[in-house]
Amino acid sequence: MPDTSVQEAAYNYAYLDEQTKRMIRRAILKAVAVPGYQVPFGGREMPLPYGWGTGGIQVTAAIIGRDDTLKVIDQGADDTTNAVSIRRFFARVAGVATTTRTEDATIIQTRHRVPETPLKEGQILVFQVPIPEPLRMLEPRETETRTLHALSEYGVMQVSLYESIARHGRISKSYNYPVMVNGRYIMSPSPIPKFDNPKLDRSPALQLYGAGREKRIYAVPPHTPVKSLDFDDHPFEIETWTECCAFCGSRESFLDEMIVDDAGKRMFVCSDTDWCQERQGHHQEQKRK
Amino acid sequence: MTDAPLLQARDVTKHFAGRVACREVTFELWPGEVLGIVGESGSGKTTLLNCLAGRMTPDAGSVAYASASSGVVDIHGLSEARRRLLTRTEWGFVNQDAREGLRMGVSAGANIGERLMAIGARHYGDIRGVAADWLDRVEIEPDRLDDRPTTFSGGMRQRLQIARNLVSNPRLVFMDEPTGGLDVSVQARILDLLRGLVTNLNLSAVLVTHDLGVARLLTHRLMVMQGGRVVEDGLTDQVLDDPRHAYTQMLVSSILPV
Amino acid sequence: MLPVLRATGLTKSFVVHAQGDLALPVLRDVALAVSPGECLALVGPSGTGKSTLLRSLYGNYRPDAGSIRVRHRDDWVELVGAEPRVTLDVRRRTVGFVSQFLRVIPRVAAVDVVAEPTIRLGTSETEARRRAEFLLGVLGIPSRLWSLPPATFSGGEQQRVNIARSLIADYPILLLDEPTASLDDDNRNGVVDLIRQRREAGAAIVGIFHDAGVREVLATRIHDVTLPQTPAQIPVGAHP
């Protein structure tokens with residue numbers, strides 16, 4: 001089915017009405033002013049259910065403009081059903097150019113990964129977030145977690161890391177690894193692998209996080225310190241592989257492990273499809289207008 | 001002898017829906033003293049304890065505490081942030097039901113280490129070492145360090161709760177029936193432990209109990225409450241050996257001899 | 001020598017509320033004074049208030065009226081109506097009390113029971129234990145019992161632990177309530193010896209001694225609780 005890049009006349013630009021976009025932009029400004037702080041916002045009904053990226057879509061809809069170029073990835077891949085659907089959605093309702101090349105995008109909406117290609121100033125990374133509250137598993141009460149954030153009472157988070165070491169010999173959390181933003185708020189970086197956490201630290205790009213079901217927006221402005229929590233004698237470490245990517249040979253990217261036949265043969269492949277294709281050298285231009 | 005009381009309660013009064021729970025309670029607690037509050041159910045002793053410990057706000061009166069770093073503070077005039085910090089550092093609160101004072105889903109070590117981590121401790125090995133030391137002090141086997149309190153007996157949970165509170169070297173500990181509901185032999189062990197810790201750490205404490213034997217063993221001073229009022233007070237031996245108020249005399253004479 | 005303990009006008013009644021507020025007067029306008037090196041023996045038939053008087057001097061019973069002044073930390077301290085912490089401090093440093101009954105604390109070893117009062121005053125644990133063991137030895141408690149809690153000891157053994165505990169710190173003032181009550185002859189002599197040594201070292205002692213022979217050895221003066229007392233009538237230096 002062809003991608004229409006002509007904006008649908010039946011909808012307001014980028015689907016949301018102007019007042020809603022203003023409300024979301026106000027929330028975004030507030031979030032940027034207080035890095036890592038979860039700002040409640042009046043989330044709207046979107047044409048897909050909760051759990052499918054409604055938060056990310058609302059954030060993107062509020063900031064996207066005609067001159068933008070949008071990339072959408074889902075666990076690193078541009079070609080999954082969801083990534084394709086969302087990209088096509090914005091092409092229709094915002095009439096924007098879309099791309100699979102990280103370098104060419106002005107807005108990148110992502111589910112659960114940060115692109116391998118280093119981001120530049122001026123780019124915006126929009127994260128889809130399921131559970132915005134990093135303390136939720138430790139403290140179920142919203143009233144209490146808000147108080148803990150307000151008072152910087154983060155002992156409970158350190159306790160959970162201690163417990164992980166006590167039980168597993170190391171901090172076993174491998175995704176959605178909690179971070180301290182700007183030395184003040186503990187934040188959930190969304191379920192990205194901990195491999196991606198260092199990319200958030202002082203990134204030149206703007207990071208926006210949208211949780212549709214929980215109706216929270218938070219942000220990390222460019223060049224902000226983002227530190228992964230740890231202990232002095234159990235410092236934060238990212239994943240490593242003994243293999244390299246079977247397609248492009250990369251040893252620096254996050255690799256997905258795939259079982260390729262009934263005998264259990266494994267293959268390791270870059271999760272970031274754009275990165276992999278760039279390295280392979282035969283990248284097809286997909287810029288459309 | 002120091003020259004300032006650690007805790008000063010003045011006319012502390014609390015109502016619940018028109019009924020007075022505690023009325024105009026006034027006393028001073030000095031460093032190193034253990035004050036017992038005895039009374040039967042409905043005497044207002046637990047309400048008073050909660051007002052003293054900042055868990056409830058009195059309707060009238062004041063509670064002043066001589067803090068380590070900021071002089072005398074009005075407990076109920078503090079911001080919530082400061083009061084919560086005080087509760088985690090300079091104070092302890094031992095609940096009758098240990099489950100209310102523990103994180104049941106994390107290990108004993110994590111429970112004890114939490115206060116340290118809350119004030120910035122970041123070396124896992126050191127935290128674990130301190131926690132192990134405290135387990136030893138409260139007579140829990142060292143190999144239980146990584147076990148969760150769900151696997152502990154009632155007495156062990158209570159001892160863990162005590163360790164969790166004392167790890168931050170509090171100056172003042174509030175205790176609400178710390179041995180209530182436990183078997184007699186378990187009680188004896190915990191009382192003995194508390195006695196030793198109070199003496200060795202020079203703790204001050206306010207202890208609510210309905211058990212005069214516990215009061216005799218642990219407290220230096222005693223306040224007897226009836227119907228929300230303090231009807232008699234003095235040194236523990238004075239109140240128990242020379243009771244003057246009718247209610248106190250009745251309490252003392254009601255103890256079954258062994 | 002000047003007295004270190006001086007009581008005047010001590011009056012006490014026990015009011016038993018359960019019996020219709022029945023008032024039992026026990027002490028009436030009692031006065032006494034004790035100086036270092038003296039041992040004042042309280043005499044009189046049972047029920048006449050000897051124990052009440054002794055306990056009042058310790059601050060255990062509270063008089064209805066009167067004054068008890070004690071020489072404490074180089075100053076005079078009034079015990080009647082005193083703040084709890086004052087009385088506690090006086091008991092820690094100045095006045096020791098031997099009651100007839102050892103309050104048994106479960107699980108604490110005899111040597112630790114005895115050592116505690118001096119550890120509280122700052123003595124090191126090792127030194128305190130050494131002194132405790134010495135006293136227990138002098139009082140005839142076999143060493144195999146030192147690390148056991150006294151709950152299972154005989155009455156006489158418990159009494160001797162009690163005595164050791166009150167003698168381990170050098171209290172300037174000692175109050176003794178029937179210290180030899182449950183002891184056999186041998187042990188009694190040992191205890192009497194210890195007390196006499198304290199008296200000779202300058203302690204001021206007030207005691208109730210049921211046994212006339214013990215009283216003979218220890219007392220330097222007698223206070224008959226059945227006689228009305230005024231300060232002028234207290235005989236000084238008399239010995240029965």
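Predicted model: local features only at pLDDT ≥ 70, side-chain atom pairs only at ≥ 80, totals over all residues.

Mentor: Chain C contains 7 helices and 9 strands. Its radius of gyration is 18 Å, close to the 18 Å that the globule rule gives for 240 residues, so chain C is as compact as a globular protein of that length. Along the principal axes, the C-alpha atoms of chain C fill a box of roughly 50 × 45 × 35 Å. Of the contacts in chain C with a separation of 6 or more, 69% are made by residues 24 or more positions apart.

Chain B touches chain C through 19 of its residues, which are in contact with 16 residues of chain C. On this side of chain B, at least two residues each come from α6 (184-200), β10 (229-235), α8 (236-241) and α9 (246-253). Sorted by class, the side of chain B that touches chain C holds 8 charged, 7 nonpolar and 4 polar residues.

Chain B also meets chain A, where 16 residues of chain B are in contact with 13 residues of chain A. The elements of chain B that each supply at least two residues to this side are α2 (80-89), α3 (108-118) and α4 (124-137). Among the contributors, α3(B) gives the most, with 6 residues. The side of chain B that touches chain A comprises 7 nonpolar, 5 polar and 4 charged residues.

Chain A itself is assigned two parts, domain 1 (18-138 + 154-228) and domain 2 (240-281). The centres of domain 1 and domain 2 of chain A, taken over C-alpha atoms, are separated by 24 Å. Between them, 14 residues of domain 1 of chain A are in contact with 7 residues of domain 2 of chain A. The domain 1 side of this contact in chain A has 4 nonpolar, 5 polar and 5 charged residues.

Finally, consider the interior. In soluble globular proteins, nonpolar side chains tend to be buried together. The largest nonpolar core here has 147 residues, and Ile28(A) and Leu52(B) touch the most other members. Leaving aside residues up to four places away in sequence, Ile28(A) touches Val59(A), Ala62(A), Leu208(A), Ile217(A) and Ala219(A). A second, separate core has 61 residues, including Leu139(C), Leu174(C), Val191(C) and Ile195(C).

Notes: Residues numbered from 1 in each chain as written. Chains lettered and ligands numbered in written order. Contact = placed C-beta atoms within 7 Å. Helix = DSSP H or I, 4+ residues; strand = E, 2+ residues; numbered from the N terminus. Nonpolar A, V, L, I, M, F, W, Y, C, P; charged D, E, K, R; others polar. Core = buried A, V, L, I, M, F, W, Y, C linked by C-beta atoms within 7 Å. Buried ≥ 20, exposed ≤ 12 C-beta atoms within 10 Å, placed from the backbone. Domains from an automatic or database assignment. Rg over C-alpha atoms; globule rule 2.2 N^0.38 Å.
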